[in-house]
Amino acid sequence: MLKDITIGQYIARDSIIHALDARIKIMITTILIIALFTIDTFMGFGLFTAFVLGVILLSKISIKKVLKGLKPILILVLFTLFIHIFLTNGGEVLWSWKFISIESEGVYIGFFMVSRIFILILFTSLLTLTTSPLQLTDGIEYILSPLKRFGVPASELSMMMTIALRFIPTLLEEADKIMKAQQARGADFESGNLIQRAKSLIPLLVPLFISAFRRADDLALAMESRCYRGGEGRTRLHELEYKYYDFVALGMIIILAAAVSFY
Amino acid sequence: MLIELINVSHVYQDENNVKALKNINLEINKGEFIGIVGHTGSGKSTLVQLFNGLIIPSSGTVKINGKNITNEKSNLKETRRHVGLVFQYPEHQLFEETVYQDIAFGPKNLGLNKDEIQARVNEVMELVGLDYDEFKARSPFNLSGGQQRKVAIAGVLALKPDVLVLDEPSAGLDPQGRKQLAELLQYLYQELEMTIILISHRMEEIAELSSRVIVMHQGEIVIDDNPVEVFSKEQKLHKLSLDLPQITEILHRLDERGLKVNTSLFSVSEASAEIIKALRSK
């Protein structure tokens with residue numbers, strides 16, 4: 001069950017989308033997020049979705065796998081939908097019962113917001129699916145580095161992210177092991193009501209946290225003993241380099257975003 | 001027959017689809033002390049997790065006490081109270097505030113009442129060599145590594161399993177800790193007549209304690225015999241990158257150089273007596 005978690009999952013493929021520079025991809029994603037929030041018709045969403053599907057095809061990652069990543073946000077999406085449907089007033093009353101009423105405005109806004117969240121997650125997940133965590137954090141460091149002048153610890157931030165991403169699989173493995181060990185002592189993670197289940201997680205979470213702290217300690221010691229001090233003057237193994245197609249992609253996105261938001 | 005594996009294969013369902021076990025057939029009887037050895041990645045840990053249903057094999061049948069556990073999911077909890085499993089570095093699973101509470105976790109899950117739980121905790125703490133009154137109220141996280149491991153093993157023993165499975169229980173212990181552990185296992189096996197299954201890289205431990213040795217290689221059982229037979233197959237073991245117990249290795253070397261000694265001895269005292277005898281008769 002723990003293996004279903006796909007946060008920060010990277011799928012290596014040989015595609016143009018993978019080859020794009022991480023910085024460009026981050027910029028594109030930011031531009032598209034802004035564009036997405038300026039869209040105010042379903043028609044615009046339709047075009048946008050078509051574009052995202054096109055990118056998924058180009059990336060050679062199966063659509064099924066991308067959609068699987070949307071599963072965890074389903075609850076959030078449904079919650080948003082119901083809140084809007086039941087609480088937004090305006091338009092004609094479609095259905096009412098005592099103090100609850102569904103009005104056409106609410107249904108419209110509800111579905112509108114849901115489409116927006118879906119598309120947002122869909123293409124932001126593309127960023128992590130097609131960019132290796134290392135490139136991604138490098139890209140973020142580059143983009144943040146002008147802010148160093150104002151005291152933003154860009155390299156430290158990117159190192160923190162690298163480490164966080166790096167240890168997700170390790171901690172999942174560890175959680176799996178501890179879970180088994182507690183099950184061997186008769187712990188039951190799978191049945192009971194919500195409160196019982198939450199309680200049954202204590203034997204899993206306490207050892208997991210302790211081991212995370214132990215790992216953090218070890219890692220800090222290992223880095224220190226290799227004289228890691230971050231920031232100024234550090235060179236890297238793989239320098240990020242812009243290629244011509246990076247600019248082509250960026251140019252296309254800017255035109256697209258402009259078209260969509262003025263449409 | 002306590003544990004029976006029939007044509008068991010297991011493939012881990014992930015990116016690499018590693019075939020961890022290939023067509024294993026195995027019978028384990030009551031009152032055996034089984035040592036399992038094998039190179040890293042030979043399938044030892046996967047094998048022992050089959051014994052209490054933590055892993056359901058991809059194909060084949062696992063029977064515990066004659067009951068098939070591969071298709072009845074509901075009875076796994078029952079199975080797990082019969083087969084206690086001590087994982088590698090078991091102290092990493094400690095979580096309670098006090099030693100008492102941590103050891104009581106298993107019995108509590110079995111639904112025992114307060115008195116029974118206390119009796120069990122008291123009993124297993126004595127077994128593993130922790131003084132009940134001194135340690136019961138202490139935090140397990142303030143103990144030494146060796147003491148933590150004792151608490152963790154006590155936590156499994158408190159389930160009173162018929163079979164005790166231990167995966168590398170002596171890894172990272174000091175010589176004294178190892179000796180105490182060996183004595184504990186000996187006591188459980190001889191006095192309490194528990195069935196014990198021990199995974200270890202330390203051949204000395206395996207040779208000294210077990211009544212039967214299983215050698216695993218790439219997901220298969222390649223040797224299954226008594227320790228004397230297993231450790232006489234020097235060449236085959238070396239080919240599987242496994243060592244002989246140090247003492248046995250020395251006797252083999254002496255034998256190679258022309259001193260007529262019995263090479264199937266595993267303890268220092270037996271070996272020294274044998275060498276003296278051989279030298280005298282020369």
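**Strands, helices and the A–B contact**

Q: Is Asn7(B) buried or exposed, judged by the other C-beta atoms within 10 Å?
A: Asn7(B) has 11 other C-beta atoms within 10 Å. With C-beta atoms placed from the backbone, a residue is buried if 20 or more others lie within 10 Å of its own, partly exposed in between, and exposed if 12 or fewer do. Because of its count of 11, Asn7(B) is therefore exposed.

Q: What pLDDT do local features need in this predicted model?
A: Residues are numbered from 1 along each chain as its sequence is written, while chains are lettered from A and ligands numbered from 1 in the order in which they are written. The model is predicted, and whereas totals for chains, interfaces and linings use all residues and side-chain atom pairs count only at pLDDT 80 or more, local features need pLDDT of at least 70.

Q: Which strand of chain B holds Asn7(B)?
A: Most residues other than glycine have a negative phi. Helices (DSSP runs of H or I, at least four residues) and strands (runs of E, at least two) are numbered from the N terminus, and the place of Asn7(B) is in strand E1.

Q: Which residue of E4(B) stands opposite Ile3(B)?
A: Two strands count as paired if DSSP finds at least two bridges between them. Strand E1 (residues 3–11) and strand E4 (residues 59–64) of chain B run antiparallel and are joined by five bridges. Opposite Ile3(B) stands Ile64(B).

Q: Which strands are the edge strands of the open sheet in chain B?
A: The open sheet has four strands in the order E2-E1-E4-E5 (chain B), with antiparallel pairing. The strands that each pair on one side only, and are the edge strands, are E2 (19–28) and E5 (67–68) of chain B.

Q: Which residue takes a positive phi in the hairpin of E9(B) and E10(B)?
A: Strands E9 (residues 212–217) and E10 (residues 220–225) of chain B pair in the antiparallel sense over five bridges, and Ile214(B) stands opposite Asp224(B). The hairpin has two residues between the strands, and the residue with a positive phi, near 45°, is Gln218(B).

Q: At roughly what angle do the axes of H3(B) and H6(B) cross?
A: Axes are lines fitted to C-alpha atoms, for helices over the stretch in contact, and angles run from 0 to 180 degrees between N-to-C directions. The axes of H3(B) and H6(B) come within 7 Å and cross at roughly 35°.

Q: How many residues does chain A give to the contact with chain B?
A: Two residues are in contact if their C-beta atoms, placed from the backbone, lie within 7 Å. Chain B gives 20 residues to this contact, and the number from chain A is 15.

Q: Where is Cys227(A) found in chain A?
A: Phi of Cys227(A) is near 60°, a positive value in a residue other than glycine. Cys227(A) counts as exposed because it has 6 C-beta neighbours inside 10 Å. Cys227(A) is found in the loop between helix H10 (202–225) and helix H11 (244–262).

Q: How far apart are the end C-alpha atoms of residues 70–87 of chain A?
A: An unreviewed UniProt entry annotates residues 31–58, 70–87, 107–129 and 244–262 of chain A as "transmembrane region"; such annotations, given in the numbering used here with shortened feature names, may be inferred rather than shown by experiment. Residues 70–87 of chain A are 78% helix and 0% strand, and the distance between their end C-alpha atoms is 25 Å.
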